[in-house]
Amino acid sequence: MKITLSVLKADIGSIGGHITPSQALVNEVTNFVKENGKDTLIDFRISYTGDDIAILCTHEKGVSDEQIHKMAWDAFIAGTEVAKKQGLYGAGQDLLKDSFSGNIKGMGPAVAEMEFEERPNEPFVFFAADKTDPGAYNLPFYLGFCDPMYCAGLILSPKMSDGFTFRIIDVEYTEKDKIIELNAPDELYDIAALLRDSERYVIESIYSRSTGNQAAAVSTTRLHNIAGKYTGKDDPVALVRVQGEFPATGEVLAPFEIGHLVAGFMRGSHNGPFMPCKQNATISFFDGPPVVTGAAYCVNNGILTEPADVFDHPFWDYVRTQVSEKASAIRRQGFSGPAMLPYSELEYGGIVEKLEKLEKKFKLVD
Ligand code: F6R
Ligand code: MG
Ligand code: MG
């Protein structure tokens with residue numbers, strides 16, 4: 001059976017700052033999707049990561065379907081009404097346009113979608129991150145799909161020995177989607193050269209070269225490119241099919257052990273280590289650290305199993321302790337050097353005004 005797996009997520013308000021949505025908001029979105037997705041969806045799950053709420057769903061309408069996107073948009077509007085009523089912080093924060101115009105992409109919420117012929121056993125992982133941007137997945141997905149040091153299947157499984165095709169998007173170009181396709185392992189150094197700059201070049205999708213089947217889809221929205229000003233970090237979601245011709249679940253998870261430094265954290269303007277957390281993780285230290293959660297599912301004729309929480313295991317407790325040490329280490333240097341993002345990536349306009357004012361006070365002296 002050919003199905004579409006879609007995840008649509010938005011920050012539409014949270015308790016006590018940018019921490020976590022309220023139960024009433026989650027209930028409202030859940031009930032809305034249950035009621036309004038009756039005729040279109042095969043199945044769905046609602047979850048949250050930090051202050052972002054995600055609608056994961058299956059259907060047969062293909063990617064970028066207007067009806068599916070409109071239903072999600074309306075669910076976020078309904079959730080926003082509850083957020084406003086409860087006085088939640090940042091109510092409707094990610095809904096950047098006044099009315100729906102056919103596709104939720106470019107309107108604030110993040111979207112990742114894949115249409116595929118279901119395999120007899122179809123496992124996948126749904127990743128959701130908060131307090132960071134889509135480039136956060138560059139390193140773990142590069143390592144999980146290209147590097148035999150992390151993905152043993154590249155050496156051990158004949159189904160994977162042809163490698164993978166990466167579609168990489170230049171998110172700085174906003175007129176259209178500007179995309180390059182590169183093959184691993186042949187063009188590994190070119191892939192690395194782009195992915196190094198994770199604020200500009202972002203993995204959009206990954207395909208198996210032996211079957212042509214899609215392995216991964218990442219939401220690539222940059223909110224500041226839509227709004228032209230700070231509206232929160234992009235907080236990307238991703239879908240990754242696993243096993244068989246794709247990396248095993250554990251191979252995809254392995255690089256998250258690094259807790260690599262990503263852009264985001266406090267005010268979307270710092271670097272902080274990417275912490276793998278349990279489902280429905282909240283946010284704390286310095287409005288962070290940037291978190292990622294992972295829910296593994298199997299899907300059969302579009303029907304989803306319950307999620308398996310991939311980072312809920314004693315191993316990841318140990319990782320979280322190490323990542324916390326890394327977070328403290330970089331935070332101890334405050335605004336200095338790489339702890340804070342470069343000027344171009346700072347999410348607040350205030351510093352621009354400050355520097356303009358100071359510029360006038362500089363004097364040229366011999
Ligand atoms: C929001 C975020 C937070 C906020 C910070 C200030 O996703 O990352 O760090 O930027 O709490 O929030 P405002 O400007 O809304 O008071
Ligand atoms: Mg927020
Ligand atoms: Mg968020």
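Reader: Donors here are N, O and S atoms within 2.8 Å of the metal (3.2 Å for Na, K and Ca), and water is not among the atoms, so sites may look incomplete. With that settled, which residue bridges the magnesium ion (ligand 3) and the magnesium ion (ligand 2)?

Author: Asp51 is the bridge, and the two ions lie 4.6 Å apart. Please keep in mind that this is a predicted model, in which local features need pLDDT of at least 70, side-chain atom pairs count only at pLDDT 80 or more, and totals for chains, interfaces and linings use all residues. Residues are numbered from 1 along each chain as its sequence is written, chains are lettered from A and ligands numbered from 1 in the order in which they are written, and side-chain values use heavy atoms, with hydrogens and water left out.

Reader: OK, what are the protein donors of ligand 2?

Author: The magnesium ion (ligand 2) has Asp11 (OD), His18 (ND1), Asp51 (OD) and Gln93 (OE1) as its protein donors, at 1.9 to 2.7 Å. His18 sits in the loop between β1 and α1 (23-36), while Asp51 sits in the loop between β2 and β3, so this pair links parts 33 residues apart in sequence. Helices (H or I, at least four residues) and strands (E, at least two) are DSSP runs numbered from the N terminus.

Reader: And what coordinates ligand 3?

Author: The magnesium ion (ligand 3) is held by Asp51 (OD), Asp52 (OD), Asp130 (OD) and Asp235 (OD), at distances of 2.0 to 2.3 Å. Along the chain these donors are spaced D-D-x77-D-x104-D. Asp130 belongs to strand β5 (residues 123-130) and Asp235 to the loop between α6 (223-227) and β10 (237-241), so the two tie together parts that are 105 residues apart in sequence.

Reader: Switching topic: how is the chain divided into domains?

Author: Domain 1 covers 1-116 and domain 2 covers 118-356, with bounds that come from an automatic or database domain assignment. Their contact, meaning heavy atoms within 4.5 Å, involves 35 residues from domain 1 and 41 residues from domain 2.

Reader: How much area is buried there, and which domain 1 residues lose the most?

Author: About 3100 Å² is buried between the two domains, with carbon and sulfur atoms giving 64%; buried area is the accessible area (1.4 Å probe) that two parts lose on being put together, summed over both. On the domain 1 side, Thr49, Met114 and Phe116 lose the most, together 19% of what that side buries.

Reader: How many salt bridges cross the interface, and what about polar contacts?

Author: One salt bridge is found across the interface, where the term stands for a side-chain nitrogen of Lys or Arg within 4 Å of a carboxyl oxygen of Asp or Glu. Lys131 and Asp51 form a salt bridge at 2.9 Å, N to O, and Asp51 is also the residue that bridges the two ions.

Reader: Where is Lys131, and what is its phi?

Author: Lys131 lies in the loop between β5 and α3 (138-146), and its phi is positive, about 65°, although it is not a glycine.

Reader: Last one: which residues does a cis peptide bond join?

Author: Ala184 and Pro185 are joined by one, with omega about 10°, and the bond from Gly288 to Pro289 is also cis, with omega near -10°.
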